[in-house]
Amino acid sequence: MRSSILIVALLLAAPAAWAQTVKVEQPWARATAEHAETGAAYATLTAGTADRLTGASTPVAEKVEVHQVIREKDVMLMRPVEGGLALEAGKPLALAPGSYHLMLIGLKQQLKRGESFPLTLSFTNEPAVTVSVPVTAAGAGGAPMDHMHMPN
Ligand SMILES: [Cu+2]
(Lines give C-alpha, C1' and ligand atoms only; values in the text may rest on other atoms or scores of the structure.)
Protein backbone atom coordinates (compact mmCIF):
# COMPACT_ATOMS: atom_id res chain seq x y z
CA MET A 1 0.00 0.00 0.00
CA ARG A 2 2.69 2.35 1.02
CA SER A 3 4.77 1.76 -2.12
CA SER A 4 1.84 2.44 -4.46
CA ILE A 5 1.30 5.82 -2.84
CA LEU A 6 4.95 6.58 -3.38
CA ILE A 7 4.73 5.66 -7.07
CA VAL A 8 1.75 7.94 -7.59
CA ALA A 9 3.62 10.75 -5.90
CA LEU A 10 6.60 10.24 -8.19
CA LEU A 11 4.43 10.22 -11.30
CA LEU A 12 2.81 13.48 -10.27
CA ALA A 13 6.17 15.07 -9.61
CA ALA A 14 7.84 13.83 -12.77
CA PRO A 15 6.58 16.32 -15.37
CA ALA A 16 7.67 19.28 -13.28
CA ALA A 17 11.04 17.68 -12.68
CA TRP A 18 12.19 17.29 -16.23
CA ALA A 19 9.64 18.45 -18.76
CA GLN A 20 9.49 22.03 -17.57
CA THR A 21 9.54 24.60 -20.31
CA VAL A 22 8.77 28.26 -20.48
CA LYS A 23 5.42 28.93 -22.12
CA VAL A 24 5.76 31.25 -25.10
CA GLU A 25 2.36 32.56 -26.13
CA GLN A 26 1.02 34.95 -28.73
CA PRO A 27 4.26 35.53 -30.59
CA TRP A 28 4.17 38.12 -33.35
CA ALA A 29 6.46 40.37 -35.32
CA ARG A 30 6.01 43.61 -37.14
CA ALA A 31 6.06 43.61 -40.91
CA THR A 32 9.13 45.47 -42.17
CA ALA A 33 9.90 47.70 -45.12
CA GLU A 34 11.67 46.09 -48.04
CA HIS A 35 15.27 46.83 -47.10
CA ALA A 36 14.90 47.20 -43.36
CA GLU A 37 17.91 45.97 -41.40
CA THR A 38 16.07 45.45 -38.14
CA GLY A 39 12.76 44.08 -36.99
CA ALA A 40 11.11 43.38 -33.67
CA ALA A 41 9.35 40.32 -32.28
CA TYR A 42 7.11 40.03 -29.25
CA ALA A 43 5.49 37.29 -27.14
CA THR A 44 4.19 36.61 -23.67
CA LEU A 45 6.52 34.44 -21.58
CA THR A 46 5.53 32.43 -18.53
CA ALA A 47 8.14 30.42 -16.65
CA GLY A 48 7.15 27.62 -14.26
CA THR A 49 10.08 28.46 -12.01
CA ALA A 50 12.09 31.65 -11.87
CA ASP A 51 14.29 31.92 -14.94
CA ARG A 52 15.93 34.32 -17.33
CA LEU A 53 15.47 34.89 -21.03
CA THR A 54 19.08 35.05 -22.13
CA GLY A 55 18.73 35.37 -25.88
CA ALA A 56 17.14 34.16 -29.06
CA SER A 57 17.96 33.21 -32.61
CA THR A 58 16.17 32.95 -35.92
CA PRO A 59 17.14 32.02 -39.47
CA VAL A 60 15.75 35.35 -40.73
CA ALA A 61 18.28 37.57 -38.90
CA GLU A 62 22.01 37.64 -38.18
CA LYS A 63 21.33 37.96 -34.48
CA VAL A 64 18.63 38.64 -31.95
CA GLU A 65 19.02 40.84 -28.87
CA VAL A 66 16.73 41.20 -25.88
CA HIS A 67 16.00 44.92 -25.69
CA GLN A 68 14.31 47.28 -23.33
CA VAL A 69 12.96 50.70 -24.16
CA ILE A 70 14.07 53.52 -21.94
CA ARG A 71 12.95 57.10 -21.94
CA GLU A 72 15.67 59.70 -21.82
CA LYS A 73 14.33 63.23 -21.67
CA ASP A 74 11.71 63.01 -24.40
CA VAL A 75 13.48 60.45 -26.51
CA MET A 76 12.73 56.74 -26.54
CA LEU A 77 15.88 54.69 -26.78
CA MET A 78 16.51 50.99 -26.85
CA ARG A 79 19.29 49.11 -25.22
CA PRO A 80 20.12 45.44 -24.68
CA VAL A 81 18.99 43.93 -21.37
CA GLU A 82 22.17 43.07 -19.47
CA GLY A 83 22.37 39.56 -18.03
CA GLY A 84 19.05 38.39 -19.45
CA LEU A 85 15.47 39.27 -18.76
CA ALA A 86 14.21 37.99 -15.39
CA LEU A 87 11.04 35.87 -15.43
CA GLU A 88 9.19 35.37 -12.17
CA ALA A 89 7.69 31.94 -11.52
CA GLY A 90 4.17 31.70 -12.90
CA LYS A 91 3.95 35.38 -13.75
CA PRO A 92 3.43 36.16 -17.45
CA LEU A 93 5.81 38.75 -18.84
CA ALA A 94 4.62 40.45 -22.01
CA LEU A 95 7.16 41.59 -24.56
CA ALA A 96 5.36 44.43 -26.28
CA PRO A 97 5.90 47.59 -28.31
CA GLY A 98 7.34 50.34 -26.14
CA SER A 99 8.66 47.79 -23.66
CA TYR A 100 10.79 44.67 -23.78
CA HIS A 101 11.20 43.18 -27.21
CA LEU A 102 13.36 40.88 -29.26
CA MET A 103 15.34 42.92 -31.73
CA LEU A 104 16.07 41.13 -34.96
CA ILE A 105 19.33 42.57 -36.22
CA GLY A 106 20.68 42.10 -39.73
CA LEU A 107 17.47 40.92 -41.33
CA LYS A 108 18.14 38.49 -44.15
CA GLN A 109 14.68 38.91 -45.64
CA GLN A 110 11.75 41.23 -45.52
CA LEU A 111 9.18 40.30 -42.89
CA LYS A 112 5.93 40.23 -44.84
CA ARG A 113 2.51 40.30 -43.36
CA GLY A 114 0.85 36.89 -43.37
CA GLU A 115 4.15 35.00 -43.33
CA SER A 116 5.80 33.49 -40.31
CA PHE A 117 9.29 32.50 -39.22
CA PRO A 118 10.81 30.28 -36.51
CA LEU A 119 12.30 31.89 -33.42
CA THR A 120 14.21 30.01 -30.73
CA LEU A 121 14.28 31.49 -27.23
CA SER A 122 17.02 30.51 -24.76
CA PHE A 123 16.75 30.50 -20.99
CA THR A 124 19.17 30.10 -18.10
CA ASN A 125 17.52 27.08 -16.48
CA GLU A 126 14.98 25.63 -18.83
CA PRO A 127 15.35 24.20 -22.33
CA ALA A 128 15.18 26.45 -25.36
CA VAL A 129 11.74 26.90 -26.94
CA THR A 130 11.14 27.35 -30.68
CA VAL A 131 7.94 29.02 -31.81
CA SER A 132 6.53 30.10 -35.14
CA VAL A 133 6.14 33.86 -35.23
CA PRO A 134 3.41 35.28 -37.46
CA VAL A 135 4.13 38.63 -39.11
CA THR A 136 1.40 41.22 -38.71
CA ALA A 137 0.94 44.65 -40.24
CA ALA A 138 3.57 47.28 -39.43
CA GLY A 139 2.45 49.26 -36.44
CA ALA A 140 -0.03 46.65 -35.23
CA GLY A 141 -0.56 46.69 -31.51
CA GLY A 142 1.04 50.05 -30.88
CA ALA A 143 2.42 53.20 -32.38
CA PRO A 144 5.33 52.73 -34.76
CA MET A 145 8.58 53.24 -33.00
CA ASP A 146 11.84 54.41 -34.44
CA HIS A 147 14.64 51.93 -34.08
CA MET A 148 17.17 54.04 -32.30
CA HIS A 149 20.02 52.26 -30.62
CA MET A 150 22.32 53.33 -27.89
CA PRO A 151 25.86 53.45 -29.24
CA ASN A 152 27.89 50.77 -27.51
CU1 LIG B 1 15.27 47.18 -30.01
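In β6, L87 is the bridge partner of D51. This pairing belongs to a predicted model whose secondary structure comes to one helix and ten strands. Along the sequence, the elements follow the pattern α-β-β-β-β-β-β-β-β-β-β. The points below cover confidence, strand pairing, the nonpolar core and several individual residues.

**Confidence and overall composition**

- The mean pLDDT of the protein is 85, and 77% of its residues reach 70 or more.
- Residues 141-146 have a pLDDT below 50, and this stretch has nine contacts in the model beyond near neighbours in sequence.
- The protein has 152 residues, of which 24% are buried.
- Of the contacts between residues at least 6 apart in sequence, 71% join residues at least 24 apart.

**Strand pairing**

- β3 and β6 run antiparallel and are joined by three bridges.
- β3 is also joined to β9, through four bridges and again in the antiparallel sense; here L53 stands opposite F123 in β9.
- β9 and β10 pair over six antiparallel bridges, with F117 opposite V133 in β10.
- These two strands, β9 and β10, form a hairpin with five residues between them.
- Strand β1, residues 23-30, runs parallel to β10 and is joined to it by two bridges; the partner of R30 in β10 is T136.
- As a general point, side chains in a regular strand alternate between the two faces of the sheet.

**The largest nonpolar core**

- The largest nonpolar core holds 28 residues, and A40, A41, L53, L102 and L104 touch the most other members.
- At least two residues of this core come from each of β2 (38-46), β3 (51-57), β4 (61-72), β6 (85-87), β8 (101-107), β9 (116-123) and β10 (129-136).
- β2 supplies the largest share, five residues.
- L102 is in contact with A40, A41, A56, V64, V66 and L95, leaving aside its neighbours within four places in sequence.

**D51 in strand β3**

- D51 is found in strand β3.
- Is D51 buried or exposed? D51 is buried, because 21 other C-beta atoms lie within 10 Å and the cut-off for a buried residue is 20 or more.
- Beyond residues up to four places away in sequence, D51 touches V22, L87, F123, T124, N125 and E126. Among these contacts is L87, which is also the bridge partner of D51 in β6.
- D51 and A89 are 38 residues apart along the chain, and their C-alpha atoms are separated by 7.4 Å.

- G84 lies in the loop between β5 (75-80) and β6.
- G84 is partly exposed, because 15 other C-beta atoms lie within 10 Å, a count between the limits of 12 or fewer for exposed and 20 or more for buried.
- Not counting residues up to four places away in sequence, G84 touches R52, L53, T54, V66 and T124.
- From C-alpha to C-alpha, G84 and F123 are 8.4 Å apart, with a separation of 39 residues in sequence. F123 is the residue that L53 stands opposite, and L53 is one of the contacts of G84.

**Residues with positive phi**

- Most residues other than glycine have a negative phi. Two exceptions are described here.
- Q26, in strand β1, has a positive phi near 50 degrees and is not a glycine.
- Q26 is partly exposed, because 13 other C-beta atoms lie within 10 Å and exposed residues have 12 or fewer.
- K73 is likewise not a glycine and has a positive phi of about 55 degrees; K73 lies in the loop between β4 and β5.
- How many other C-beta atoms lie within 10 Å of K73? The count is 5, so K73 is exposed.

Key
Residues are numbered from 1 along each chain as its sequence is written. This is a predicted model: local features need pLDDT of at least 70, side-chain atom pairs count only at pLDDT 80 or more; totals for chains, interfaces and linings use all residues. A nonpolar core is a set of buried Ala, Val, Leu, Ile, Met, Phe, Trp, Tyr and Cys residues joined through C-beta atoms within 7 Å. Two residues are in contact if their C-beta atoms, placed from the backbone, lie within 7 Å. Two strands pair if DSSP finds at least two bridges between them. pLDDT is the predictor's confidence in each residue, from 0 to 100.
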